[in-house]
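Have the model open while you read.

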Amino acid sequence: MSTQAQGVEKTSPDFEVIVIGAGVAGLYQLYRLRERGIPTTVVDAAADLGGTWYHNRYPGCRFDSESYTYGYSFSKELLNEWHWKERFSSQPENLRYLNYVADKFDLRRDMQFNHKVESAHFDDAAALWRLTFTNGRQLSCRFLITGLGLLSAPTMPRVAGIERFKGPSFHTYYWPHEGVELAGKRVAVIGTGATGVQVIAEIADKVGELTVFQRRPNWCAPLHNRPISEQEMNEIRARYDEIFDKCLRSPGGFEHEPDRRGFYEVTREERVALWDRLYDEPGFGIWLANFREIFMDEAANAEFSEYIAERIRRRVNDPAIAEKLIPKDHGFGIQRVPLETRYYEAYNRDNVHLVDIKETPIECITETGIRTSGREYEFDIIVYATGFDAITGTFDRIDIRGSGGQTLRAKWKDGPVTFLGLQVHGFPNLITVAGPQSGSSSTNFPRSIEVGVDWVMALLEFAWQHGYTRIEATPEAEERWTRHVAKMYESVLMRKAKSWFTGYNDNVDGHEHGTIRHLVYNGGAPKYRATLEQVAADGYQGMRFS
Ligand code: NA7
(Lines give C-alpha, C1' and ligand atoms only; values in the text may rest on other atoms or scores of the structure.)
Protein backbone atom coordinates (compact mmCIF):
# COMPACT_ATOMS: atom_id res chain seq x y z
CA MET A 1 0.00 0.00 0.00
CA SER A 2 1.34 3.42 -0.88
CA THR A 3 2.02 5.99 1.77
CA GLN A 4 -0.63 8.17 0.15
CA ALA A 5 -3.21 5.47 0.56
CA GLN A 6 -2.40 5.38 4.24
CA GLY A 7 -3.19 9.06 4.40
CA VAL A 8 0.41 10.21 4.80
CA GLU A 9 1.59 12.24 1.83
CA LYS A 10 5.08 11.59 0.56
CA THR A 11 7.46 14.49 0.92
CA SER A 12 9.78 13.35 -1.85
CA PRO A 13 8.35 13.75 -5.32
CA ASP A 14 7.64 10.92 -7.76
CA PHE A 15 9.51 12.87 -10.43
CA GLU A 16 11.82 15.82 -10.33
CA VAL A 17 9.91 17.24 -13.27
CA ILE A 18 6.50 16.62 -14.76
CA VAL A 19 5.81 18.18 -18.13
CA ILE A 20 2.18 18.59 -19.09
CA GLY A 21 1.71 18.25 -22.81
CA ALA A 22 3.42 16.03 -25.38
CA GLY A 23 3.41 18.58 -28.17
CA VAL A 24 6.19 20.59 -29.75
CA ALA A 25 7.20 22.18 -26.42
CA GLY A 26 6.84 19.06 -24.29
CA LEU A 27 8.94 16.92 -26.60
CA TYR A 28 11.84 19.31 -26.65
CA GLN A 29 11.61 19.91 -22.89
CA LEU A 30 11.77 16.18 -22.31
CA TYR A 31 14.71 15.83 -24.68
CA ARG A 32 16.68 18.40 -22.68
CA LEU A 33 15.76 16.96 -19.30
CA ARG A 34 16.65 13.47 -20.47
CA GLU A 35 19.99 14.72 -21.72
CA ARG A 36 20.64 16.02 -18.21
CA GLY A 37 19.48 12.75 -16.65
CA ILE A 38 16.59 14.28 -14.73
CA PRO A 39 13.75 11.95 -13.67
CA THR A 40 10.90 13.27 -15.77
CA THR A 41 7.57 12.21 -17.12
CA VAL A 42 5.46 13.88 -19.76
CA VAL A 43 1.72 13.53 -19.32
CA ASP A 44 -0.90 14.21 -21.96
CA ALA A 45 -4.66 13.92 -22.05
CA ALA A 46 -4.56 12.59 -25.61
CA ALA A 47 -4.02 9.00 -26.62
CA ASP A 48 -0.75 9.86 -28.31
CA LEU A 49 1.84 12.58 -28.77
CA GLY A 50 1.71 15.58 -31.07
CA GLY A 51 -0.42 18.17 -29.26
CA THR A 52 -1.87 20.58 -31.81
CA TRP A 53 -0.81 18.27 -34.63
CA TYR A 54 -2.40 15.28 -32.94
CA HIS A 55 -5.76 16.95 -32.48
CA ASN A 56 -6.40 19.16 -35.48
CA ARG A 57 -7.13 16.72 -38.30
CA TYR A 58 -9.50 18.76 -40.37
CA PRO A 59 -8.90 18.83 -44.14
CA GLY A 60 -6.56 21.65 -45.13
CA CYS A 61 -4.81 21.81 -41.77
CA ARG A 62 -1.20 22.78 -42.36
CA PHE A 63 1.61 25.11 -41.33
CA ASP A 64 1.57 28.76 -42.24
CA SER A 65 5.22 28.74 -41.22
CA GLU A 66 7.73 27.54 -43.78
CA SER A 67 8.15 23.90 -42.77
CA TYR A 68 11.92 24.13 -42.47
CA THR A 69 11.61 27.06 -40.07
CA TYR A 70 9.11 25.17 -37.94
CA GLY A 71 11.16 22.00 -37.33
CA TYR A 72 13.46 21.66 -34.33
CA SER A 73 16.93 23.10 -34.76
CA PHE A 74 18.67 21.28 -31.91
CA SER A 75 19.94 18.22 -33.77
CA LYS A 76 22.09 18.39 -36.90
CA GLU A 77 21.41 14.73 -37.48
CA LEU A 78 17.67 15.27 -37.40
CA LEU A 79 17.97 18.24 -39.74
CA ASN A 80 19.97 16.13 -42.17
CA GLU A 81 17.58 13.21 -42.04
CA TRP A 82 14.20 14.86 -42.31
CA HIS A 83 12.83 15.82 -45.70
CA TRP A 84 10.02 18.38 -45.57
CA LYS A 85 7.92 17.42 -48.56
CA GLU A 86 6.06 20.71 -48.86
CA ARG A 87 6.94 24.31 -48.21
CA PHE A 88 3.97 24.45 -45.82
CA SER A 89 3.61 20.97 -44.50
CA SER A 90 0.24 19.41 -43.77
CA GLN A 91 -1.01 18.02 -40.46
CA PRO A 92 -0.47 14.31 -41.21
CA GLU A 93 3.13 15.00 -42.18
CA ASN A 94 3.68 17.24 -39.14
CA LEU A 95 2.41 14.52 -36.86
CA ARG A 96 4.70 12.03 -38.60
CA TYR A 97 7.58 14.42 -37.98
CA LEU A 98 6.90 14.69 -34.26
CA ASN A 99 6.61 10.92 -34.01
CA TYR A 100 9.87 10.57 -35.90
CA VAL A 101 11.55 12.92 -33.42
CA ALA A 102 10.09 11.06 -30.45
CA ASP A 103 11.22 7.70 -31.82
CA LYS A 104 14.64 8.90 -32.88
CA PHE A 105 15.41 10.19 -29.39
CA ASP A 106 13.50 7.42 -27.65
CA LEU A 107 11.27 9.95 -25.89
CA ARG A 108 8.15 7.83 -25.71
CA ARG A 109 9.28 5.78 -22.73
CA ASP A 110 8.92 8.84 -20.52
CA MET A 111 5.46 9.74 -21.69
CA GLN A 112 2.10 8.81 -20.25
CA PHE A 113 -0.97 9.26 -22.43
CA ASN A 114 -4.65 9.38 -21.50
CA HIS A 115 -3.51 11.36 -18.48
CA LYS A 116 -5.71 14.41 -18.32
CA VAL A 117 -4.69 16.63 -15.44
CA GLU A 118 -7.65 17.50 -13.26
CA SER A 119 -5.80 19.41 -10.60
CA ALA A 120 -2.30 20.53 -9.74
CA HIS A 121 -1.83 21.74 -6.17
CA PHE A 122 1.36 23.10 -4.68
CA ASP A 123 2.25 21.56 -1.35
CA ASP A 124 3.93 24.39 0.56
CA ALA A 125 5.40 22.26 3.29
CA ALA A 126 7.06 19.77 0.94
CA ALA A 127 7.70 22.31 -1.85
CA LEU A 128 6.29 20.10 -4.55
CA TRP A 129 3.36 19.84 -6.92
CA ARG A 130 0.69 17.19 -6.48
CA LEU A 131 -1.27 16.29 -9.58
CA THR A 132 -4.47 14.35 -9.89
CA PHE A 133 -5.69 12.95 -13.18
CA THR A 134 -9.18 12.26 -14.39
CA ASN A 135 -8.20 8.58 -14.64
CA GLY A 136 -7.77 8.53 -10.85
CA ARG A 137 -3.98 8.54 -10.73
CA GLN A 138 -1.92 10.90 -8.64
CA LEU A 139 1.66 12.00 -9.23
CA SER A 140 3.95 14.53 -7.64
CA CYS A 141 6.95 16.50 -8.83
CA ARG A 142 9.33 19.18 -7.70
CA PHE A 143 8.97 21.27 -10.84
CA LEU A 144 5.88 21.41 -12.98
CA ILE A 145 6.42 22.55 -16.55
CA THR A 146 3.46 23.28 -18.79
CA GLY A 147 3.59 22.82 -22.54
CA LEU A 148 -0.14 23.16 -22.89
CA GLY A 149 -0.31 24.72 -26.31
CA LEU A 150 -1.67 28.12 -27.18
CA LEU A 151 -4.82 26.96 -28.87
CA SER A 152 -5.88 23.79 -27.10
CA ALA A 153 -9.14 24.83 -25.46
CA PRO A 154 -11.65 24.78 -28.33
CA THR A 155 -14.84 26.75 -27.86
CA MET A 156 -18.28 26.11 -29.28
CA PRO A 157 -20.65 28.96 -30.09
CA ARG A 158 -23.26 29.87 -27.53
CA VAL A 159 -26.19 28.84 -29.63
CA ALA A 160 -29.16 26.73 -28.66
CA GLY A 161 -29.74 23.27 -30.01
CA ILE A 162 -26.20 22.12 -30.82
CA GLU A 163 -26.90 18.73 -29.23
CA ARG A 164 -30.16 18.36 -31.15
CA PHE A 165 -28.56 18.01 -34.59
CA LYS A 166 -28.91 14.41 -35.79
CA GLY A 167 -25.98 14.26 -38.20
CA PRO A 168 -22.26 14.42 -37.52
CA SER A 169 -21.19 17.78 -36.07
CA PHE A 170 -17.94 18.71 -34.41
CA HIS A 171 -15.43 21.44 -33.66
CA THR A 172 -12.52 21.37 -36.12
CA TYR A 173 -10.22 20.48 -33.21
CA TYR A 174 -12.18 17.25 -32.84
CA TRP A 175 -12.44 16.39 -36.55
CA PRO A 176 -12.94 12.61 -36.41
CA HIS A 177 -9.66 10.71 -36.68
CA GLU A 178 -11.20 8.13 -38.97
CA GLY A 179 -12.08 10.89 -41.45
CA VAL A 180 -15.47 12.08 -42.66
CA GLU A 181 -17.20 11.13 -45.89
CA LEU A 182 -17.86 14.46 -47.58
CA ALA A 183 -18.74 13.51 -51.15
CA GLY A 184 -22.23 14.64 -52.05
CA LYS A 185 -22.90 15.93 -48.53
CA ARG A 186 -24.50 19.25 -47.55
CA VAL A 187 -21.94 20.74 -45.21
CA ALA A 188 -22.11 23.86 -43.01
CA VAL A 189 -18.98 25.58 -41.73
CA ILE A 190 -19.41 28.17 -38.97
CA GLY A 191 -16.41 30.47 -38.53
CA THR A 192 -13.95 32.10 -40.91
CA GLY A 193 -10.73 32.38 -38.90
CA ALA A 194 -7.46 30.74 -39.95
CA THR A 195 -9.03 27.32 -39.41
CA GLY A 196 -12.31 27.99 -41.22
CA VAL A 197 -10.44 29.46 -44.16
CA GLN A 198 -8.24 26.35 -44.48
CA VAL A 199 -11.12 23.92 -44.21
CA ILE A 200 -13.46 25.84 -46.55
CA ALA A 201 -10.88 26.12 -49.33
CA GLU A 202 -9.96 22.46 -49.01
CA ILE A 203 -13.43 20.91 -49.02
CA ALA A 204 -15.25 23.27 -51.43
CA ASP A 205 -14.74 20.93 -54.38
CA LYS A 206 -15.18 17.73 -52.36
CA VAL A 207 -18.63 18.24 -50.86
CA GLY A 208 -22.07 18.39 -52.42
CA GLU A 209 -23.03 21.82 -51.10
CA LEU A 210 -20.99 24.00 -48.76
CA THR A 211 -22.60 26.81 -46.78
CA VAL A 212 -20.30 29.14 -44.88
CA PHE A 213 -21.72 31.03 -41.90
CA GLN A 214 -19.58 34.11 -41.54
CA ARG A 215 -19.85 36.60 -38.71
CA ARG A 216 -16.82 38.75 -39.52
CA PRO A 217 -14.47 38.13 -42.45
CA ASN A 218 -10.71 38.09 -42.00
CA TRP A 219 -8.01 39.53 -44.21
CA CYS A 220 -6.54 36.49 -45.91
CA ALA A 221 -3.58 36.24 -48.26
CA PRO A 222 -2.25 33.48 -50.51
CA LEU A 223 -0.06 30.78 -49.00
CA HIS A 224 1.63 29.71 -52.27
CA ASN A 225 2.41 26.21 -51.12
CA ARG A 226 4.44 23.85 -53.29
CA PRO A 227 6.42 20.63 -53.01
CA ILE A 228 10.06 20.61 -51.93
CA SER A 229 12.19 18.38 -54.14
CA GLU A 230 15.08 16.30 -52.86
CA GLN A 231 17.49 18.73 -54.46
CA GLU A 232 15.84 21.78 -52.92
CA MET A 233 15.78 20.04 -49.56
CA ASN A 234 19.53 19.52 -49.85
CA GLU A 235 19.95 23.21 -50.51
CA ILE A 236 17.80 24.00 -47.47
CA ARG A 237 19.90 21.64 -45.37
CA ALA A 238 23.04 23.43 -46.44
CA ARG A 239 21.41 26.72 -45.40
CA TYR A 240 19.96 25.62 -42.05
CA ASP A 241 22.41 27.60 -39.90
CA GLU A 242 21.66 30.72 -41.89
CA ILE A 243 17.89 30.07 -41.80
CA PHE A 244 17.73 29.62 -38.04
CA ASP A 245 20.00 32.58 -37.52
CA LYS A 246 17.69 34.72 -39.58
CA CYS A 247 14.66 33.45 -37.66
CA LEU A 248 16.36 34.36 -34.40
CA ARG A 249 17.01 37.87 -35.67
CA SER A 250 13.55 38.55 -37.08
CA PRO A 251 10.74 39.84 -34.85
CA GLY A 252 8.36 37.06 -35.81
CA GLY A 253 10.85 34.22 -35.71
CA PHE A 254 10.46 33.71 -39.45
CA GLU A 255 12.69 34.28 -42.44
CA HIS A 256 10.46 37.27 -43.23
CA GLU A 257 11.97 40.50 -41.97
CA PRO A 258 10.19 43.85 -42.03
CA ASP A 259 10.98 46.27 -44.82
CA ARG A 260 13.10 48.86 -43.02
CA ARG A 261 12.21 51.70 -45.37
CA GLY A 262 9.74 54.20 -43.98
CA PHE A 263 6.23 53.83 -45.38
CA TYR A 264 6.10 57.56 -46.07
CA GLU A 265 9.66 57.81 -47.31
CA VAL A 266 8.92 55.84 -50.45
CA THR A 267 6.46 56.68 -53.21
CA ARG A 268 3.06 55.08 -53.58
CA GLU A 269 4.45 53.25 -56.65
CA GLU A 270 7.28 51.81 -54.58
CA ARG A 271 4.84 50.68 -51.92
CA VAL A 272 2.63 48.97 -54.46
CA ALA A 273 5.65 47.35 -56.08
CA LEU A 274 6.55 45.80 -52.73
CA TRP A 275 2.97 44.65 -52.13
CA ASP A 276 2.65 43.15 -55.60
CA ARG A 277 5.79 41.17 -54.98
CA LEU A 278 4.81 40.05 -51.47
CA TYR A 279 1.31 39.01 -52.53
CA ASP A 280 2.87 36.59 -54.99
CA GLU A 281 5.44 35.24 -52.54
CA PRO A 282 4.87 32.33 -50.17
CA GLY A 283 3.96 32.63 -46.53
CA PHE A 284 3.63 35.47 -44.08
CA GLY A 285 5.82 37.90 -46.07
CA ILE A 286 2.78 39.99 -46.96
CA TRP A 287 2.27 40.52 -43.24
CA LEU A 288 5.74 40.42 -41.75
CA ALA A 289 8.01 41.66 -44.55
CA ASN A 290 5.82 44.71 -45.00
CA PHE A 291 6.40 48.26 -43.78
CA ARG A 292 6.40 48.43 -40.00
CA GLU A 293 3.88 51.28 -40.06
CA ILE A 294 1.21 48.79 -41.17
CA PHE A 295 1.07 47.58 -37.56
CA MET A 296 0.99 50.98 -35.90
CA ASP A 297 -0.28 53.74 -38.14
CA GLU A 298 -3.99 53.91 -38.99
CA ALA A 299 -3.48 55.66 -42.32
CA ALA A 300 -0.72 53.33 -43.49
CA ASN A 301 -2.79 50.37 -42.43
CA ALA A 302 -5.84 51.71 -44.26
CA GLU A 303 -3.92 52.25 -47.48
CA PHE A 304 -2.54 48.73 -47.40
CA SER A 305 -5.92 47.24 -46.43
CA GLU A 306 -7.46 48.88 -49.47
CA TYR A 307 -4.75 47.32 -51.62
CA ILE A 308 -5.67 43.87 -50.29
CA ALA A 309 -9.39 44.60 -50.67
CA GLU A 310 -8.73 45.25 -54.34
CA ARG A 311 -6.90 41.92 -54.66
CA ILE A 312 -9.90 40.19 -53.10
CA ARG A 313 -12.30 41.95 -55.50
CA ARG A 314 -10.24 40.68 -58.43
CA ARG A 315 -10.58 37.11 -57.26
CA VAL A 316 -14.29 36.94 -56.48
CA ASN A 317 -16.69 37.01 -59.43
CA ASP A 318 -19.75 38.36 -57.61
CA PRO A 319 -19.02 41.92 -56.39
CA ALA A 320 -21.61 41.65 -53.61
CA ILE A 321 -19.93 38.47 -52.26
CA ALA A 322 -16.51 40.10 -52.59
CA GLU A 323 -17.66 43.01 -50.41
CA LYS A 324 -18.92 40.59 -47.79
CA LEU A 325 -15.51 38.90 -47.74
CA ILE A 326 -13.69 42.16 -47.14
CA PRO A 327 -13.37 43.12 -43.46
CA LYS A 328 -14.85 46.50 -42.66
CA ASP A 329 -14.31 46.60 -38.91
CA HIS A 330 -10.53 46.17 -38.76
CA GLY A 331 -7.48 46.66 -40.93
CA PHE A 332 -5.15 44.08 -42.40
CA GLY A 333 -2.86 42.27 -40.00
CA ILE A 334 -4.18 43.48 -36.70
CA GLN A 335 -5.79 40.07 -36.30
CA ARG A 336 -4.05 36.85 -37.22
CA VAL A 337 -3.83 36.69 -41.02
CA PRO A 338 -5.16 33.41 -42.39
CA LEU A 339 -3.11 32.13 -45.30
CA GLU A 340 -5.13 30.43 -48.00
CA THR A 341 -5.07 28.41 -51.17
CA ARG A 342 -7.84 29.43 -53.56
CA TYR A 343 -10.07 30.45 -50.64
CA TYR A 344 -11.64 33.40 -52.43
CA GLU A 345 -12.11 31.36 -55.61
CA ALA A 346 -14.15 28.85 -53.59
CA TYR A 347 -16.93 31.44 -53.51
CA ASN A 348 -17.02 31.42 -57.33
CA ARG A 349 -18.27 27.85 -57.25
CA ASP A 350 -21.97 27.14 -57.68
CA ASN A 351 -21.99 24.75 -54.74
CA VAL A 352 -20.55 27.25 -52.23
CA HIS A 353 -22.81 29.71 -50.45
CA LEU A 354 -22.01 32.50 -48.01
CA VAL A 355 -24.40 33.43 -45.23
CA ASP A 356 -23.69 36.70 -43.47
CA ILE A 357 -24.81 36.01 -39.92
CA LYS A 358 -24.41 39.62 -38.94
CA GLU A 359 -27.38 40.27 -41.24
CA THR A 360 -29.25 37.10 -40.41
CA PRO A 361 -27.98 35.75 -37.07
CA ILE A 362 -28.10 32.08 -36.23
CA GLU A 363 -31.13 31.51 -34.01
CA CYS A 364 -30.58 27.86 -33.25
CA ILE A 365 -29.31 24.54 -34.42
CA THR A 366 -32.17 22.22 -35.31
CA GLU A 367 -32.35 18.45 -35.68
CA THR A 368 -31.73 18.83 -39.39
CA GLY A 369 -29.65 21.96 -39.75
CA ILE A 370 -29.38 25.62 -38.86
CA ARG A 371 -32.06 28.26 -38.46
CA THR A 372 -31.12 31.88 -38.96
CA SER A 373 -33.37 34.91 -38.64
CA GLY A 374 -33.68 34.68 -42.42
CA ARG A 375 -34.51 31.04 -43.09
CA GLU A 376 -33.94 27.41 -42.24
CA TYR A 377 -31.09 25.38 -43.77
CA GLU A 378 -30.76 21.60 -43.93
CA PHE A 379 -27.38 19.94 -43.56
CA ASP A 380 -25.81 16.50 -43.34
CA ILE A 381 -22.74 17.75 -41.44
CA ILE A 382 -22.07 20.85 -39.32
CA VAL A 383 -18.47 21.95 -38.74
CA TYR A 384 -17.70 24.43 -35.98
CA ALA A 385 -14.54 26.39 -36.83
CA THR A 386 -15.28 28.70 -33.93
CA GLY A 387 -11.86 29.03 -32.38
CA PHE A 388 -10.35 28.70 -28.94
CA ASP A 389 -10.22 30.11 -25.47
CA ALA A 390 -6.73 31.15 -26.39
CA ILE A 391 -3.57 30.69 -24.37
CA THR A 392 -5.00 30.93 -20.86
CA GLY A 393 -8.06 28.75 -21.58
CA THR A 394 -6.12 25.52 -21.19
CA PHE A 395 -4.78 26.67 -17.83
CA ASP A 396 -8.27 27.70 -16.72
CA ARG A 397 -9.56 24.22 -17.43
CA ILE A 398 -7.19 22.74 -14.82
CA ASP A 399 -7.62 23.37 -11.11
CA ILE A 400 -4.19 24.88 -10.50
CA ARG A 401 -3.54 26.02 -6.92
CA GLY A 402 -0.37 27.64 -5.78
CA SER A 403 1.07 28.64 -2.45
CA GLY A 404 -1.62 29.07 0.22
CA GLY A 405 -4.22 27.46 -2.04
CA GLN A 406 -4.83 30.40 -4.35
CA THR A 407 -6.08 29.41 -7.79
CA LEU A 408 -4.40 30.45 -11.01
CA ARG A 409 -7.85 30.85 -12.54
CA ALA A 410 -8.69 33.55 -10.00
CA LYS A 411 -5.31 35.21 -10.30
CA TRP A 412 -5.70 35.42 -14.08
CA LYS A 413 -9.39 36.32 -14.01
CA ASP A 414 -8.85 39.64 -15.73
CA GLY A 415 -5.95 38.44 -17.84
CA PRO A 416 -2.63 36.74 -17.19
CA VAL A 417 0.09 38.20 -15.01
CA THR A 418 3.51 36.60 -15.33
CA PHE A 419 7.22 37.13 -15.14
CA LEU A 420 8.66 36.68 -18.64
CA GLY A 421 5.65 34.54 -19.54
CA LEU A 422 7.43 31.74 -17.72
CA GLN A 423 6.67 32.09 -14.03
CA VAL A 424 3.84 33.33 -11.84
CA HIS A 425 4.26 34.75 -8.36
CA GLY A 426 2.44 32.61 -5.82
CA PHE A 427 2.93 29.50 -7.94
CA PRO A 428 6.43 28.34 -7.03
CA ASN A 429 8.14 25.76 -9.23
CA LEU A 430 5.52 26.14 -11.93
CA ILE A 431 7.13 26.99 -15.25
CA THR A 432 4.90 27.95 -18.14
CA VAL A 433 6.97 27.27 -21.24
CA ALA A 434 5.17 28.86 -24.17
CA GLY A 435 2.68 30.32 -21.76
CA PRO A 436 0.87 33.64 -21.97
CA GLN A 437 3.15 36.67 -22.32
CA SER A 438 6.09 34.53 -23.40
CA GLY A 439 7.91 35.05 -26.67
CA SER A 440 6.36 31.92 -28.14
CA SER A 441 2.88 33.27 -27.99
CA SER A 442 3.33 35.71 -30.86
CA THR A 443 6.10 34.24 -32.97
CA ASN A 444 6.94 31.20 -35.06
CA PHE A 445 6.15 28.83 -32.24
CA PRO A 446 9.06 26.33 -32.17
CA ARG A 447 11.74 28.98 -32.56
CA SER A 448 10.80 30.68 -29.30
CA ILE A 449 10.00 27.37 -27.64
CA GLU A 450 13.59 26.27 -28.09
CA VAL A 451 14.77 29.56 -26.61
CA GLY A 452 12.32 29.21 -23.72
CA VAL A 453 13.19 25.59 -22.97
CA ASP A 454 16.92 26.26 -23.07
CA TRP A 455 16.46 29.15 -20.67
CA VAL A 456 14.38 27.01 -18.34
CA MET A 457 17.09 24.34 -18.37
CA ALA A 458 19.68 26.92 -17.32
CA LEU A 459 17.35 28.17 -14.60
CA LEU A 460 16.82 24.65 -13.25
CA GLU A 461 20.53 23.96 -13.48
CA PHE A 462 21.12 27.04 -11.35
CA ALA A 463 18.63 25.76 -8.79
CA TRP A 464 20.06 22.23 -8.76
CA GLN A 465 23.62 23.45 -8.41
CA HIS A 466 22.72 25.59 -5.44
CA GLY A 467 20.49 22.97 -3.88
CA TYR A 468 17.37 25.12 -4.16
CA THR A 469 14.04 23.37 -4.12
CA ARG A 470 11.83 26.38 -4.57
CA ILE A 471 11.83 28.94 -7.37
CA GLU A 472 9.41 31.80 -7.57
CA ALA A 473 9.11 35.14 -9.33
CA THR A 474 8.89 38.14 -7.06
CA PRO A 475 5.68 40.17 -7.15
CA GLU A 476 7.69 43.20 -8.27
CA ALA A 477 9.24 41.39 -11.22
CA GLU A 478 5.86 40.00 -12.23
CA GLU A 479 4.27 43.42 -12.00
CA ARG A 480 7.05 44.95 -14.08
CA TRP A 481 6.83 42.35 -16.84
CA THR A 482 3.07 42.42 -17.02
CA ARG A 483 3.11 46.22 -17.26
CA HIS A 484 5.77 45.99 -19.97
CA VAL A 485 3.67 43.51 -21.97
CA ALA A 486 0.59 45.72 -21.56
CA LYS A 487 2.56 48.80 -22.59
CA MET A 488 3.58 47.18 -25.85
CA TYR A 489 -0.07 46.75 -26.79
CA GLU A 490 -0.45 50.52 -26.67
CA SER A 491 1.62 51.13 -29.77
CA VAL A 492 0.14 48.44 -32.00
CA LEU A 493 -3.22 48.59 -33.77
CA MET A 494 -3.73 45.02 -32.65
CA ARG A 495 -4.92 46.41 -29.32
CA LYS A 496 -8.21 47.24 -31.05
CA ALA A 497 -8.75 43.79 -32.50
CA LYS A 498 -11.56 41.52 -31.52
CA SER A 499 -9.32 38.50 -31.82
CA TRP A 500 -7.59 35.90 -29.74
CA PHE A 501 -4.49 38.16 -29.61
CA THR A 502 -6.45 40.34 -27.20
CA GLY A 503 -8.20 37.46 -25.50
CA TYR A 504 -11.52 38.16 -27.18
CA ASN A 505 -13.92 35.25 -27.39
CA ASP A 506 -17.58 35.90 -26.81
CA ASN A 507 -18.21 32.19 -26.26
CA VAL A 508 -16.33 32.38 -22.95
CA ASP A 509 -17.64 34.19 -19.89
CA GLY A 510 -15.69 37.33 -19.17
CA HIS A 511 -13.87 37.24 -22.53
CA GLU A 512 -16.40 39.31 -24.44
CA HIS A 513 -15.01 42.44 -25.99
CA GLY A 514 -14.37 45.32 -23.68
CA THR A 515 -11.42 44.18 -21.68
CA ILE A 516 -8.11 43.56 -23.35
CA ARG A 517 -6.20 40.58 -22.10
CA HIS A 518 -2.51 41.03 -22.58
CA LEU A 519 -1.92 37.49 -23.74
CA VAL A 520 0.96 37.90 -26.12
CA TYR A 521 4.36 39.54 -26.00
CA ASN A 522 4.64 42.03 -28.83
CA GLY A 523 8.27 42.96 -28.51
CA GLY A 524 9.51 40.43 -31.04
CA ALA A 525 11.69 37.36 -30.70
CA PRO A 526 15.12 39.07 -30.53
CA LYS A 527 14.10 41.40 -27.71
CA TYR A 528 12.49 38.57 -25.82
CA ARG A 529 15.63 36.47 -26.13
CA ALA A 530 17.84 39.38 -25.08
CA THR A 531 15.67 39.91 -21.99
CA LEU A 532 15.89 36.26 -21.02
CA GLU A 533 19.66 36.30 -21.48
CA GLN A 534 19.99 39.43 -19.38
CA VAL A 535 17.90 38.00 -16.55
CA ALA A 536 20.08 34.88 -16.51
CA ALA A 537 23.30 36.90 -16.71
CA ASP A 538 22.16 38.95 -13.71
CA GLY A 539 21.77 35.79 -11.64
CA TYR A 540 18.01 35.56 -12.18
CA GLN A 541 17.02 38.91 -10.81
CA GLY A 542 13.30 38.88 -10.21
CA MET A 543 13.32 35.26 -9.08
CA ARG A 544 13.52 34.12 -5.49
CA PHE A 545 15.24 30.83 -4.64
CA SER A 546 15.19 28.86 -1.42
P1 NA7 B 1 -10.34 32.14 -34.69
O2 NA7 B 1 -9.32 32.82 -35.50
O3 NA7 B 1 -10.59 32.62 -33.32
O4 NA7 B 1 -11.69 32.18 -35.53
C5 NA7 B 1 -12.92 31.77 -35.01
C6 NA7 B 1 -13.98 32.04 -36.01
O7 NA7 B 1 -15.23 31.59 -35.51
C8 NA7 B 1 -14.16 33.53 -36.31
O9 NA7 B 1 -14.49 33.69 -37.65
C10 NA7 B 1 -15.33 33.90 -35.40
O11 NA7 B 1 -16.05 35.03 -35.82
C12 NA7 B 1 -16.15 32.66 -35.52
N13 NA7 B 1 -17.07 32.52 -34.40
C14 NA7 B 1 -16.74 32.39 -33.10
N15 NA7 B 1 -17.84 32.29 -32.36
C16 NA7 B 1 -18.88 32.37 -33.20
C17 NA7 B 1 -20.26 32.34 -33.02
N18 NA7 B 1 -20.79 32.22 -31.79
N19 NA7 B 1 -21.06 32.46 -34.11
C20 NA7 B 1 -20.49 32.60 -35.32
N21 NA7 B 1 -19.19 32.62 -35.57
C22 NA7 B 1 -18.38 32.52 -34.51
O23 NA7 B 1 -10.02 30.60 -34.56
P24 NA7 B 1 -9.35 29.64 -35.64
O25 NA7 B 1 -9.49 28.26 -35.15
O26 NA7 B 1 -9.84 29.93 -36.98
O27 NA7 B 1 -7.86 30.04 -35.62
C28 NA7 B 1 -7.13 29.96 -34.41
C29 NA7 B 1 -5.69 29.87 -34.67
O30 NA7 B 1 -5.36 28.52 -35.03
C31 NA7 B 1 -5.14 30.66 -35.75
O32 NA7 B 1 -4.87 31.96 -35.44
C33 NA7 B 1 -3.90 29.89 -36.12
O34 NA7 B 1 -2.80 30.33 -35.38
C35 NA7 B 1 -4.21 28.51 -35.82
P36 NA7 B 1 -15.65 36.49 -35.25
O37 NA7 B 1 -14.37 36.85 -35.95
O38 NA7 B 1 -15.45 36.35 -33.77
O39 NA7 B 1 -16.78 37.36 -35.60
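This is a predicted model: local features need pLDDT of at least 70, side-chain atom pairs count only at pLDDT 80 or more; totals for chains, interfaces and linings use all residues.

Domain 1 covers 15-153 + 390-545, domain 2 covers 156-218 + 338-387, and domain 3 covers 250-334. The centres of domain 2 and domain 3, taken over C-alpha atoms, lie 28 Å apart. Domain 2 puts 15 residues into the contact, and domain 3 puts in 13 residues.

How much area is buried between domain 2 and domain 3? The figure is about 1,300 Å², and carbon and sulfur atoms account for 56% of it.

Five salt bridges are counted between domain 2 and domain 3, along with eight residue pairs in polar contact. On the side of domain 2 that touches domain 3, strand 11 (339-340), helix 12 (343-346) and strand 12 (352-356) each bring at least two residues. Helix 12 has the largest share of that side, with three residues. Sorted by type, the residues on this side of domain 2 come out as six nonpolar, three polar and six charged.

## Around the ligand

Now for the ligand, where Arg 216 turns up again: an N or O atom in its side chain is 3.0 Å from a ligand oxygen atom.

| Residue | Protein atom | Distance to a ligand oxygen atom |
|---|---|---|
| Ala 194 | backbone N or O | 3.0 Å |
| Arg 216 | side-chain N or O | 3.0 Å |
| Ala 385 | backbone N or O | 3.2 Å |

Which of the 19 residues around the ligand come nearest? They are Thr 192, Thr 195, Arg 215, Trp 500 and Asn 507.

## Salt bridges across the whole model

Stepping back, a search of the whole structure turns up 53 salt bridges. One example is Asp 110 with Arg 34, whose closest N and O atoms are 2.8 Å apart. This pair ties together distant parts of the chain, 76 residues apart. Arg 34 belongs to helix 1 (residues 24-35), while Asp 110 sits in the loop between helix 5 (91-104) and strand 3 (111-112).

Technical notes: Residues are numbered from 1 along each chain as its sequence is written. Side-chain values use heavy atoms; hydrogens and water are left out. Domain bounds come from an automatic or database domain assignment. Contact means heavy atoms within 4.5 Å. Buried area is the accessible area (1.4 Å probe) that two parts lose on being put together, summed over both. A salt bridge is a side-chain nitrogen of Lys or Arg within 4 Å of a carboxyl oxygen of Asp or Glu. A polar contact is a pair of N or O atoms within 3.5 Å; within protein, one must be able to donate a hydrogen and the other to accept it, and residues adjacent in sequence count only if both atoms are side-chain atoms. Helices (H or I, at least four residues) and strands (E, at least two) are DSSP runs, numbered from the N terminus. Ala, Val, Leu, Ile, Met, Phe, Trp, Tyr, Cys and Pro count as nonpolar, Asp, Glu, Lys and Arg as charged, and the others, Gly among them, as polar. A residue is near a molecule or strand if one of its heavy atoms lies within 4 Å of it.
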